[in-house]
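This report describes one protein chain, moving from a single residue out to the whole fold. Please keep the sequence and the structure in view while reading.

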Amino acid sequence: MGGVDKILDQMRREPTNVRFGDLQKVCEAYFGKPRNHGTSHSIFKTPWQGDPRGNIQNDKGKAKAYQVRQVLLAIERLEVKP
């Protein structure tokens, strides 16, 4: 997961400057393949209902900053859960 760790560091430093492909790579590493894909959104299944969500959207090659923050929160919650 070396490449994913680098992307995570960059996501934490600059959530407004993350490429969509990088965010998708991180989501797939933590949550698996998206359950809904091909529309404007990619939706990833999380082991809980509600927020934080695994819903990301391509905005001209970039990831939306609020979605980057949601994914970071979801990863934190996933790592804390026993």
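## Surroundings of Pro52

Setting aside neighbours within four places in sequence, Pro52 is in contact with Thr46, Gln70, Leu73, Ala74 and Arg77. The model is a predicted one. Pro52 sits in the loop that joins strand 1 to strand 2. Is Pro52 buried or exposed? Its relative accessibility is 13%, and because buried means under 20%, Pro52 counts as buried.

Val71 is 19 residues away from Pro52 in sequence, with a C-alpha to C-alpha separation of 7.0 Å in space. Helix 3 covers residues 65-80 and lies across strand 1, strand 2 and strand 3. The direction of helix 3 is at about 150 degrees to strand 2.

## The sheet and the helix packed on it

In what order do the three strands form the open sheet? The order is 1-2-3, with antiparallel pairing. Strand 1 (41-43) and strand 3 (62-63) are at the edges; each has a single partner strand, so one side of each has no neighbour in the sheet.

Strand 2 comprises residues 55-59 and pairs with strand 1 over three bridges, in the antiparallel sense. Within this arrangement, His41 is placed opposite Gln57 of strand 2. Helix 2 (residues 20-31) packs on the sheet and touches strand 1, strand 2 and strand 3. The direction of helix 2 makes about 160 degrees with that of strand 2.

## Salt bridges

How many salt bridges does the count come to? The count is three. One of them links Asp9 with Arg12, where the closest N and O atoms are 4.0 Å apart.

Asp22 counts as buried because its relative accessibility is 16%, and the cut-off for buried is under 20%. Glu28 and Lys33 form a salt bridge too, their closest N and O atoms being 3.7 Å apart. Glu28 is partly exposed, with a relative accessible area of 28%, whereas Lys33 has 65% relative accessibility and counts as exposed, the threshold being over 50%.

## The chain as a whole

The protein chain contains three helices and three strands. Along the sequence, these follow the pattern α-α-β-β-β-α. Of the contacts with a separation of 6 or more, 45% are between residues 24 or more positions apart.

The radius of gyration of the protein chain is 12 Å, which agrees with the value near 12 Å for a compact globule of 82 residues. Taken along the principal axes, the C-alpha atoms fill a box of roughly 35 × 30 × 20 Å. Buried residues account for 39% of the 82 residues. The accessible surface of the protein chain is about 5200 Å², and carbon and sulfur atoms contribute 48% of this surface.

Note on methods. Residues numbered from 1 in each chain as written. Predicted model: local features only at pLDDT ≥ 70, side-chain atom pairs only at ≥ 80, totals over all residues. Heavy atoms only, no water. Salt bridge = Lys/Arg side-chain N within 4 Å of Asp/Glu carboxyl O. Buried < 20%, exposed > 50% of the residue type's maximum accessible area, 1.4 Å probe, protein only. Pairing = 2+ DSSP bridges. Helix = DSSP H or I, 4+ residues; strand = E, 2+ residues; numbered from the N terminus. Contact = heavy atoms within 4.5 Å. Axes fitted to C-alpha atoms, helices over the stretch in contact; angles between N-to-C directions. Rg over C-alpha atoms; globule rule 2.2 N^0.38 Å. Areas by Shrake-Rupley, 256 points an atom, 1.4 Å probe, with all protein chains shown as cover.
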